[in-house]
Amino acid sequence: HGQVVILIDEYDKPIIDFLDNTEKATANRDILKTFYSVLKDLDDQLRMVFITGVSKFSRTSIFSELNNLTDLTMLGEYASMLGYTQDELEANFADRIESLANNFGGKESLLEQLKEWYNGYSWYKGQQRVYNPFSILSFFTAKDFNNFWFESGTPTFLVKLLKQQKVYDLGRVEA
C-alpha cells in the first residue's frame, strides 16, 4: 500500500561483538552486506531507511551496495533529532519533574542534576546538547540517578580492545 520505512538499530552489533574473532566478524559483515544489497534493489519501495550504530563502518564493504546513504551524525540540521532538548525535557516531563522536585532540592536543583547526569550528547560542534532518552525514562521510573545507559549498553568491544592492545590495565578499575 505504498512505500515503507525501515528502522535498523545497532547495525554494527553483529560485527563489534566479535572484534576479537575476525572470522566470525567477517562472516557477519558478509551477511549484513547481502542484506543491504537486497535493500538497494527495493529502493523504489522504500520511503526511508534509518540505520543507527555506535561505530562507523562506512569505509568497509558493508555498505558498498547502498551508495545513496547520507550520514546525519554530525549535521547541524539533525543535531537534536536523537535525544531530548532542554525545552523538550521540561515540556514533556513537566508533571514528573514537579512530582520529584522536592526529593531533589527543588525544581531548579533537579533540572541541574538531570543536566549533569544525562545531558551529555552533542552531535554538532557542541552547539546543542541532548539528553539520553533511555536514561531520562529510566530516571523517571526509578526516581533516582544511576548510570542507566552504561548498564544496559556497556561497550564490551571497547573493553576487549583496551585489554587486547594493553592500552590500560582494567584489572584494578572499579566502576
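**Notes on the rings**

I began with two residues and found that tyrosine 118 and phenylalanine 145 are both buried. I kept in mind that this is a predicted model.

Next I looked at the whole chain. I found eight helices and four strands, and reading along the sequence gave me the pattern β-α-α-β-α-α-α-β-β-α-α-α. Of the 175 residues, 26% are buried.

Then I asked how many aromatic pairs the structure holds. The count came to 13 aromatic pairs.

I picked phenylalanine 93 and phenylalanine 140 to start with. Their ring centres are 5.2 Å apart and their planes meet at 15°, so I noted the pair as stacked. Phenylalanine 93 is in the loop between helix H3 (86-92) and helix H4 (94-101), while phenylalanine 140 is in helix H6 (residues 133-142), so the pair ties together parts 47 residues apart in sequence. Phenylalanine 93 counts as buried at 7% relative accessibility, and phenylalanine 140 counts as buried at 9%.

Back to my opening two: the rings of tyrosine 118 and phenylalanine 145 have centres 6.0 Å apart and planes at 25°, so this pair is stacked. Tyrosine 118 belongs to helix H5 (residues 107-118) and phenylalanine 145 to the loop between H6 and helix H7 (148-152), so parts 27 residues apart in sequence are tied together.

Which residues form one aromatic cluster with these rings? I listed Tyr84, Phe93, Phe104, Trp117, Tyr118, Phe139, Phe140, Phe145 and Phe148.

My last entry is about a charge and a ring. I saw lysine 24 over the face of phenylalanine 18, at 5.7 Å from the ring centre.

Terms used
Residues numbered from 1 in each chain as written. Predicted model: local features only at pLDDT ≥ 70, side-chain atom pairs only at ≥ 80, totals over all residues. Heavy atoms only, no water. Helix = DSSP H or I, 4+ residues; strand = E, 2+ residues; numbered from the N terminus. Buried < 20%, exposed > 50% of the residue type's maximum accessible area, 1.4 Å probe, protein only. Phe/Tyr/Trp six-rings, centres within 6.5 Å; stacked < 30°, edge-to-face > 60°. Lys NZ or Arg CZ within 6 Å of the ring centre and 35° of its normal.
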